[in-house]
Amino acid sequence: MSRPSKKPDYDVKKLMDQLIDEVANAYLHPQERLPDERTPLNVLAEEFSLSALKVRKLLVTAGVYDSPIYRRVQELYAVGKTVKEIQRLTSLSAASVSGYLPYRKTIYKLEDRTVLAERLQRYR
């Protein structure tokens, strides 16, 4: 018999989807602006207590971000180019290329931490 979960209601996928939806909605539907005017990333970053780069990556993951460099990176990635190849072709750093690609696993540094993250924090 296994021991009971310390956080039985913790669902990282659900938290990720909820954060992505909230950021995308705030980006696409700002309250005090015209409907076609989008909220700058820095304003969203401050509102959600995240970095502007993380906000951009969340918007990329949601599929609502658009810029010329984003489209170029997406085109190259869609035809099977690796991050290193895209880096060479666009003169971007590896971190910048990754910033224009959607999250594949999980969003790091969420407010609610996993049981393992809490255990590691206590250990440190």
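A nonpolar core is a set of buried Ala, Val, Leu, Ile, Met, Phe, Trp, Tyr and Cys residues joined through side-chain atoms within 4.5 Å. Buried means under 20% relative accessible area, exposed over 50%, and partly exposed in between, with a 1.4 Å probe and protein chains only. The model is predicted: local features need pLDDT of at least 70, side-chain atom pairs count only at pLDDT 80 or more, and totals for chains, interfaces and linings use all residues. Residues are numbered from 1 along each chain as its sequence is written, and side-chain values use heavy atoms, with hydrogens and water left out.

The secondary structure comes to 7 helices and 0 strands. Helices (H or I, at least four residues) and strands (E, at least two) are DSSP runs, numbered from the N terminus. Along the sequence the pattern reads α-α-α-α-α-α-α. The protein has 124 residues, and 28% of them are buried. Its accessible surface, from the Shrake-Rupley method with a 1.4 Å probe, comes to about 9200 Å². Carbon and sulfur atoms hold 51% of that surface. Contact means heavy atoms within 4.5 Å. Of the contacts with a separation of 6 or more, 58% join residues 24 or more positions apart.

The largest nonpolar core has 24 residues. Val23, Leu44, Phe48, Val55, Leu58, Leu59 and Tyr65 touch the most other members. Two or more residues come from each of helix H1 (12–28), helix H2 (41–48), H3 and H4. H1 gives the largest share, 6 residues. In soluble globular proteins, nonpolar side chains tend to be buried together.

Alanine 45 lies in helix H2. Alanine 45 counts as buried because its relative accessible area is 7%. Beyond residues up to four places away in sequence, alanine 45 touches Leu50, Ser51, Ala52 and Val55. Its C-alpha atom is 9.1 Å from that of valine 23, 22 residues apart along the chain.

Valine 64 sits in the loop between helix H3 (52–62) and helix H4 (68–78). Its relative accessible area is 17%, so valine 64 is buried. The C-alpha atoms of valine 64 and alanine 24 are separated by 6.9 Å, although the two residues are 40 apart along the chain.

Tyrosine 65 is also buried, at 13% relative accessibility. Residues up to four places away in sequence aside, tyrosine 65 touches Tyr27, Leu41, Arg56, Leu59, Val60, Tyr70 and Tyr100. The whole structure holds 1 aromatic pair. Its rings belong to tyrosine 65 and tyrosine 70, with centres 5.9 Å apart and planes at 85°, so the pair is edge-to-face. Rings of Phe, Tyr and Trp (its six-membered ring) pair if their centres lie within 6.5 Å; planes under 30 degrees apart count as stacked, over 60 as edge-to-face and the rest as tilted. Tyrosine 70 is buried, with a relative accessible area of 13%.

Charged side chains were examined next. The search finds 1 salt bridge in the whole structure, that is, a side-chain nitrogen of Lys or Arg within 4 Å of a carboxyl oxygen of Asp or Glu. Aspartate 66 and arginine 71 form it, with the closest N and O atoms 2.8 Å apart. Aspartate 66 is partly exposed at 45% relative accessible area, and arginine 71 is partly exposed at 38%. A charge sits over a ring if NZ of Lys or CZ of Arg is within 6 Å of the ring centre and within 35 degrees of the ring normal. The charged end of arginine 56 sits over the ring of tyrosine 100, 4.1 Å from its centre. Likewise, the charged end of lysine 57 sits over the ring of tyrosine 103, at 5.2 Å from the centre.
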